[in-house]
Amino acid sequence: MTIETTEEAWRQNLSGRFESQLALPRPADWWTGLPPSRSPGLRPDGTLTSLPLPDLARCTRSEVQAYFDNGWTLTELLFSGLIGEEAFYRPPYHHLRHPMLFYYCHPPALYVNKLRVAGLIDAPINPYFERIFETGVDEMRWDDMSKNTMLWPSFDEAHAYRKTVYRRVGEVIAQHPDLADGHAPITQAHPLWALFMGFEHERIHLETSSVLMHELPLNLLRRPDAWPALHPSARRSAQRNTEPQPGRDYPELELLSVPATTVHLGKPADWPSYGWDNEYGSRTVEVQPFRAGKRLVTNGEFHRFVAAGGYREARWWSATGWEWRKYRNIKWPTFWLPEGPAGYHQYRLRTLFEVIEMPWDWPAEVNWHEASAYCAWLSERDGEQYRLLSEAEHNALRDPVSHETDDPVMAADGRTLLHDRGLNLNLGCGSSSPVDAGRPTAKGFRDVFGNVWQWLADHFNPLPGAQVHPYYDDFSSPCYDGQHQMILGGSWVSTGDEASVWSRFHFRPHFFQHAGFRVVQAEHDGGAVRLDTEDAASQVYESAQMVDDYLLLHFGSAAEQMPFDSGPRDACQFPQRCARWLIEGARASGAPMERALDIGCAVGGASFELARAYREVLGVDLSRAFIDTADALKRNGVLEHFCRDEGELGHHVTAQIDPAIARKRVSFRQADACSLPTELADYDAVLISNLLCRLPSPRSLLGRLGGPRGLVRVGGMLAIFSPYTWLEQFTPRGAWLGGYSDAKGPVHSADTLRVTLAGDGFELVKEAEFPLLIREHVRKYQYIVTHALLCRRVR
C-alpha cells in the first residue's frame, strides 16, 4: 500500500492478518503466562490487584514467582482491553511515542537483555526483537512527528516471543540457588538484582501503557472483566448542566502550615527492596516554613481556571508552556470532554476505558505546563505567591519511615491498601478517587502518596553519592538534563517500586502520567533543584554564545579561526577534516555510499561535508539551538554570527555552505544519542565526532551501532573521534569507557572501544591522531588532539 504522509505511515502495519485471534472475550491462548483466573493477586470479585513489593531479605522462591506472574498477567490484562489490529499499531494522537505493540514486547525484551548482562541467561532469544524493542522513545519536543514510520513485527510473532520469554524467566526463578529458603539478602551487587529490575521495569510500563491507552480513541478499547473497577465514587450522579460549586461539588482550597524542618532524602543502601539508581545517595535539606494545600487540586478548582480564560491568556504560562498550548490548540485539560456550545464549560471525564460524569472532587490530571499556569493564575487572583511543591517539601509532608512496614507497598496488596489504609495505590481500584477519600498523614495532608502523581518544581536530579548501576547505566543519567520535571507520590496504577515511599520519577513537562499537583504558598522556592542554569551541563550547548562559537568552529576559515600565522592552522576546520577522512576511508574500502548519519552534528559542518559524497545525510544532536541553526543554514546557505575578540568586543562573520554542496541532501533532527529512535538503522556511514565523552551513557550509543537493525549496515563504515575528556559533569564515573584504574590496572578508552567494536562485528581499518583548535577569543585557544578510529562492519 502507498503511504502518503509520515503521520499515516503506521498504517503499513495493518493487514487484517490476526483479527480472528483478537476476538472478544480473549481465547485461552491469549495469556502467555497465567490467566487472571489463576494469577496471584486475584480478588474474590474476580478482579486482579497488585501484590506487595518483595522483601529482598526474605522473599521465597514461590513469592518471587508469584510477583513475576502478577506483573506479567496485569500487563496482558491491560492489553486485553485493546480491540483489533489498529489498536496495537495506531500511535497516540501526538505521534510522540511508539504504538502499543512496542510496549507489548518492550518489557520481555528488557528481561532478556538484562538477564544476559547479569549472566543469568547465556544467549539471546530473538536478537532482532531484543534490538527493536529495547529502547523506548523519550520525545524531545511535542512537535517531533518523525516517528512511527517503521514496519513492526506481526502480532503473532510478538505473542510467540512473549511466551518464550515467560518460560525462560520462569526457569531462572525455578533454578537459581540463591532463591532457596533462607537465602542471604539480594543486594545491588547480586546478579539476581537484574531479575527484580525486570519485574519493576515491567510495572513502570504497566502504568506507561495505561497512559498511552488513555490517549487512544475509545472505540479501540473496552474494559477487561478482571481489570480493577473504577473507584465507587464514579457511580455518583453528578449535577448536570450546572456550574460546579465549592463545598457542594468539591472542597475549597485549604492551606496547612508546615514549620521549618530538616529532611533527609535518599533510600538507604541496605533497604530490603529493589530500587532504581536515582533513589540512592543522600541529601539533607533545611526546609523553610511554608503552607501547602491540604488536598490535591481538584477538577472543580481547575474548572475555575478554565472558565476564567486560563488557556487563552499567555501571561500565566511559561514561554515553552504557551508554545505547547498553541501547538496543541488546547482549551481545557486533555481528558475533559466538552458538552454543549463553546464557552458553556460543561464537561465529562474520559477515564481509561470509559466516559463518566465529571467528578469535580477528583484530582485534576494535567501536565506540568498546565499545573504551573494554574499556580500563576491563582497567584494573580488571590494576591499571594503560589507555586508547585519542591521535593524537599513533599518529604516534609510525609509520615516518618524507619522500617519496611513503614513503606505501605511492601506490607499489603493494592486492594488492602485502599480499603484498610486509605491509600489509592498499587491498583486497589481502576481510577482516581475523591481528594477527601484517603486517610490523612499525621500533619493532616491527604494523598501525599497515591491517587495521582504530583508534579514538582524540581528538575529530575541525582542525589549526592548516587552511582549508576552497571546493569542499566542509562536508566536515569540521560534525564538529568534540565528537561525532565520530577513527579512524586505515585498514582492509583503505580505498582511495586513506583508506589514505594522511596520512588523518584520524572517526565518531560508536556507529557501526561496520571499526574496532578498540590499548591504551595511561600515567598521562597522550597529549595527546588533546577538544572537549567546557564552553567548547567544541560544548557552548555543552548546559549547564543555557544552557537556563535560552534559556527566559527564548523564554518570559519583557517584565518578566521586562527588569525596568527604562527598558530596551528592545520588544526582548524575540524568537522570537515573528520568527514573527509571518513569519505576517503569509505572509498578506499569500496563501501556503499548512499546514506550517512552524523551523530552529535552540532551546527552541521560535517553533515554538509558528507553530502559531497553521500546522497542522503541525517545530522542529529541533542541541542535544539544547534539543530535550529543547522536548519537555518540548510534553508539559506549563509548565516551571520558574532566572533569574539576581547571581552564584549568582536566582529561579525558569515558562515557559508559551499555552493557546490547540494544542501537538499542534508536533514537535521533533534535526538538523544543515548536513545536514538528505532527507525534509524542501516546507514552506509556513521560519524561520531567529539561526542562520546559528553554522553551520560556512551555504551548506549555503542550498543546501537551493530547487531540487528544496527545504525551501521554490514559493509558500512564507522568513524569515531574523541579526546576522551571524561568529566562527571557530563558522564557518571561508572559509565566512563576508560581513564581510571581497576583491579587489573589502568583502563584506557581506546582499548575499551577497540574491544567493544570488535565484539559487535566491526573490523578496524585505521587509526589517527586528529588535532582540533577551538577559538575562545583572539588571544585564547584550546588545542586538543582527538583519537580517531575508522572501522568497517563485517558481520
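**Reading the model, feature by feature**

Author: Helices (H or I, at least four residues) and strands (E, at least two) are DSSP runs, numbered from the N terminus. Before we go on, this is a predicted model, where local features need pLDDT of at least 70, side-chain atom pairs count only at pLDDT 80 or more, and totals for chains, interfaces and linings use all residues. Residues are numbered from 1 along each chain as its sequence is written, and side-chain values use heavy atoms, with hydrogens and water left out.

Reader: How many bridges hold strands β16 and β17 together, and in which sense do they pair?

Author: Two strands pair if DSSP finds at least two bridges between them. Here β16 (residues 638-646) and β17 (residues 649-656) have eight bridges in the antiparallel sense. Arginine 644, for instance, has glycine 650 in β17 as its bridge partner.

Reader: What about sheets? In what order do the three strands of the open sheet with β5 come?

Author: A general idea to keep in mind: in a regular strand the side chains alternate between the two faces of the sheet. In this case the order is β5-β6-β7, with antiparallel pairing. The edges are β5 (336-339) and β7 (355-357), each of which pairs on one side only. From one strand to the next, the twist averages 40°; angles run from 0 to 180 degrees between N-to-C directions, and axes are lines fitted to C-alpha atoms, for helices over the stretch in contact. Strand β6 (residues 346-350) is joined to β7 by three bridges, and arginine 348 has glutamate 357 in β7 as its bridge partner. Helix α7 (residues 299-307) packs on this sheet, touching β5 and β6, and its direction makes about 60° with that of β5. Contact here means heavy atoms within 4.5 Å.

Reader: And which strands sit at the edges of the open sheet of four strands?

Author: That sheet runs β1-β4-β13-β8 with antiparallel pairing, and its edge strands are β1 and β8 (386-388). Its neighbouring strands are turned by 35° against each other on average, direction ignored. Four bridges join β1 to β4 (residues 290-293), and leucine 256 stands opposite alanine 292 in β4. Helix α9 (residues 368-382) lies across β8 and β13 (519-521), running at about 165° to β8.

Reader: How do I read two helices against each other?

Author: Two packed helices are described by the angle between their axes and the distance between the axes. Take α18 (residues 698-705) and α19 (residues 749-759): their axes come within 10 Å and cross at roughly 35°. The crossing is right-handed; that is the word if the near helix is turned clockwise from the far one by less than a right angle, and left-handed if anticlockwise. Arg699, Leu702 and Leu705 of α18 meet Thr752, Leu753, Thr756 and Leu757 of α19. These residues divide into four nonpolar, two polar and one charged. In that scheme Ala, Val, Leu, Ile, Met, Phe, Trp, Tyr, Cys and Pro are nonpolar, Asp, Glu, Lys and Arg charged, and the others, Gly among them, polar.

Reader: How many disulfides does the model have?

Author: A disulfide is a pair of cysteine sulfur atoms within 2.5 Å, and by that rule the count is zero. For cysteine 572, the nearest cysteine sulfur, that of cysteine 643, is 11 Å away.

Reader: Is cysteine 572 buried or exposed?

Author: Buried, at 2% relative accessibility. Buried means under 20% relative accessible area, exposed over 50%, and partly exposed in between (1.4 Å probe, protein chains only). Cysteine 375 is buried too, with 3%.
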